[in-house]
Amino acid sequence: MNIYLSIIYLVSTITFITGLKLLGHPETAKKGNQIAASGMGLAIVGTILLHELEVPGFIYGLIAAAIAIGAIIGYVIAVKVKMTKMPELVSLFNGFGGASAALIGLVEFGQTSGAISQVVTIVAAISIGSLTFSGSMIAWAKLNGTMWKDIRLPHYNLINNVIFLGLILFAAYIVWSGASGIIIVSLLCLIGLLYGVLLVIPIGGADMPVVISLLNSLTGIAAAITGILYDNMVMLAGGILVGSAGLILTFAMCDAMNRSLINVMFGAFGGGAVAEGDDSHAQTGGTIKKATVSDVAILMNYAARVIFVPGYGLAVAQAQHAIHELEQLLENRGIEVKYAIHPVAGRMPGHMNVLLAETNVEYDKLAEMEDVNPEFQNTDVVLVVGANDVVNPAARHDTASPIFGMPILDVDHAKQIIVNKRTMNPGYAGIDNELFYNQKTSMLFGDAKSIIQALITELKGM
Amino acid sequence: MTEIIDFIKNNLELIYILILVIFIGVEVIKHIPAVLHTPLMSGANALSGVVIVGAILVMLNADPDNYLALGLGFVAVVLGIINVVGGFAVTNRMLHMFKKKK
C-alpha cells in the first residue's frame, strides 16, 4: 500500500479515537464530532486519490457520482429530520451501513482466491451486514409506526434460535467446503436477512433502545470485518470503536432494564414486561386521589424544589416546549427545578435528553438517575409526565412484579407526587403501579400538553 | 488445528491491534454521561460508515467490464456515504442544541 495512504489512515484512526473521546463531554462534543468527520473525509479522499493501480476514468466518475448522490441525500435527511425521529434515523443510517458491508462481501465473494481467512471474513461480512440491514429496516418501520405492532410467531424463540444456528452452520459449511456460486451466496444473504427480521420483529416499545444499540454495534463489527478483508487499518479501527461503543450502550440499556444480554438475545426478549408510556394498570390496588390543575399550581407555587420526571409519553404528546416553559416560570419565582431522566426514557439511549435539549433546556438541569435519586426526599413536588414503570416502587420490593429489580427513580420519596396520565382506563393490560395509590400521590388526568399549558396559565394568574 | 495455529502466526499483528482497539474503545466510551448517549450513538453510527472505504476499493479494483461488481459497488458507496454524511451532520445538529446556563 502507498505509504502516504497508510499515513492518512493512521491520522484518520487517531481522529476517530480523539473524536469519540471528545464526544464524552458536553463542552467538547461538537469539536469531537467535527474532528472525527474530517478524519473520515481524509480517509475517503485518500482512498480515491492515492490508489496504486491504474483505474479507467469512468470509474472515478462513477465513484464521484455515487458520493455526490449519497452525500446530498444524507445531508438533506439529516437537516430535515425531527428530533423525535432520531431513533428512526439512526436505524435507517445504520441499516445502510450494514447493507454497504454486505454488498462489499457479495462482490468479493465472486472474486476471492479461496484462501480460508478471506472466505471467513467475506462470509462474516455478508451474514452480519445483511442481518443488520434487515433488522435496522424493521426497527425503522416499527419506530416509524408504519409497521404493525410486535409480532410474535408461535415459538418465535425456538424459530429464531434455529435460524441463528442455521446461519452459523451454513456459513461454516461455505468456509469448510469452499462452495461458491451465486446461489450459495444469495442463500447466505437471505438467511441473514431473515434472521435480522425475526430478531427485531417481536420487540417493541421500551425495548427499542437495546435493539438499536445492538444493531449499531453490529454495523461496526461488519465494517471491521471488511477492514480485515482489505487489510485496511482505518476500517478495522473505526469499526471496532463503533462495535465497542454500541456494546457498552447495549449493556447500559440492559442494566437499566435489569436484563442480561443473553436474556435479550436468546430469551424472552420484548416479552412486554417493561412497557413505558401511557399504559394503565389492570387492577386497582386501593383508592386514588385526583387533583385539579389549580391544586397542582398552588402546590408548585409554594414549593422550594420541584422535579419533573418526563417519559416517552411527554414526547408523544409533544409537550416538551410546554414543560420547558413551566420550568422557566417556576425558576423565575425562585423555585429550583430539575428533570430526572431514566436511562431508558425515550426510544434510544439518551433520547429524552435530546428532546429536552431541543427546547433549550440547559443540560445541567437534566439529572441522571443515580445523581437525582438521593434528592427526592428533599423535594417538595414531583411531576411525572408520561412515565410509568420507571417510577413504580414495586421494582424495589415486589419480587412477583415483572419489573422487580429494575432500577427506578425513587419519586415516592418526595413530599408530594403529581402523576399526569391521559386516563386510568382499568381495562388496559399493563402493570399495576402502586405509586398511583400512594398517600402522597395525586393523579392529574388529561393530555400532557394541554394540562401543562393550563398549569402555566393558572400559575401566571397567581 | 494447524490451520488455526497458522492463522494466528500469520496474523499476530492484526490480533494485537484488534484487542488493543477493543480496549481503547471501551475505555474511551465507558464514562460518557447519559445526556450524550444519543449523540454518541449517532456519531458512532457515522463512524461505522467507514465501510465506504471498502466500497470505494470494490469499485477501484473492479474489472471495467464487470458491471455487476461496479453496480453493487456503486450502491454500496451511495449507502455508505449517506451513513457518513447524514450521521455526522445530524450529530452536529443535535450537539448545537446542548446549551449550558450562562
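This is a predicted model: local features need pLDDT of at least 70, side-chain atom pairs count only at pLDDT 80 or more; totals for chains, interfaces and linings use all residues.
Residues are numbered from 1 along each chain as its sequence is written, and chains are lettered from A and ligands numbered from 1 in the order in which they are written.

**View 1. Chain A is divided into three parts: domain 1 (1-80), domain 2 (85-272) and domain 3 (293-460).** Domain bounds come from an automatic or database domain assignment. Between the C-alpha centres of domain 1 and domain 2 of chain A there are 24 Å. Where these two domains touch, domain 1 of chain A gives eight residues and domain 2 of chain A gives seven residues; two residues are in contact if their C-beta atoms, placed from the backbone, lie within 7 Å. Helix 1 (residues 3-22) of chain A provides six residues, the largest share of the side of domain 1 that touches domain 2. Helices (H or I, at least four residues) and strands (E, at least two) are DSSP runs, numbered from the N terminus. On that side of domain 1 of chain A, six residues are nonpolar, two are polar and none is charged. Here Ala, Val, Leu, Ile, Met, Phe, Trp, Tyr, Cys and Pro count as nonpolar, Asp, Glu, Lys and Arg as charged, and the others, Gly among them, as polar.

**View 2. Helix 1 of chain A packs against helix 2 (residues 29-49) of chain A.** Their axes are 8 Å apart, and the angle is about 160 degrees. Axes are lines fitted to C-alpha atoms, for helices over the stretch in contact, and angles run from 0 to 180 degrees between N-to-C directions. Helix 1 and helix 2 of chain A are therefore roughly antiparallel to each other (angles under 35 degrees count as roughly parallel, over 145 as roughly antiparallel, 65 to 115 as roughly perpendicular and the rest as oblique). The crossing of helix 1 of chain A past helix 2 of chain A is left-handed; a crossing is left-handed if the near helix is turned anticlockwise from the far one by less than a right angle, and right-handed if clockwise. Among the contact residues are A:Leu5, A:Ile8 and A:Phe16 of helix 1 of chain A, and A:Ile35, A:Met40 and A:Leu42 of helix 2 of chain A. By class, this contact of helix 1 with helix 2 of chain A has 13 nonpolar, nine polar and two charged residues.

**View 3. An open sheet of six strands in chain A has parallel pairing and the order 3-2-1-4-5-6.** Two strands pair if DSSP finds at least two bridges between them. Strand 3 (366-368) and strand 6 (441-445) of chain A are the edge strands, each pairing on one side only. On average, and with direction ignored, neighbouring strands of this sheet are turned by 25 degrees against each other. Four bridges join strand 1 (residues 305-310) and strand 2 (residues 336-341) of chain A in the parallel sense. A:Arg305 has A:Glu336, in strand 2 of chain A, as its bridge partner. Helix 13 (residues 320-332) of chain A packs on the sheet and touches strand 1, strand 2 and strand 4 (381-385) of chain A. The direction of helix 13 makes about 175 degrees with that of strand 1 of chain A.

**View 4. Chain B meets chain A through 74 residues of chain B and 91 residues of chain A.** Helix 5 (67-97) of chain B is among the helices that each supply at least two residues of the side touching chain A. Its 27 residues form the largest share of that side of chain B. This side of chain B has 51 nonpolar, 17 polar and six charged residues.

**View 5. Helix 3 (residues 57-80) of chain A crosses helix 4 (residues 51-61) of chain B at roughly 155 degrees, with axes that come within 9 Å.** These two helices are therefore roughly antiparallel to each other. Helix 3 of chain A passes helix 4 of chain B in a right-handed crossing. A:Ile59, A:Leu62 and A:Ile63 from chain A meet B:Ile56, B:Met59 and B:Leu60 from chain B.
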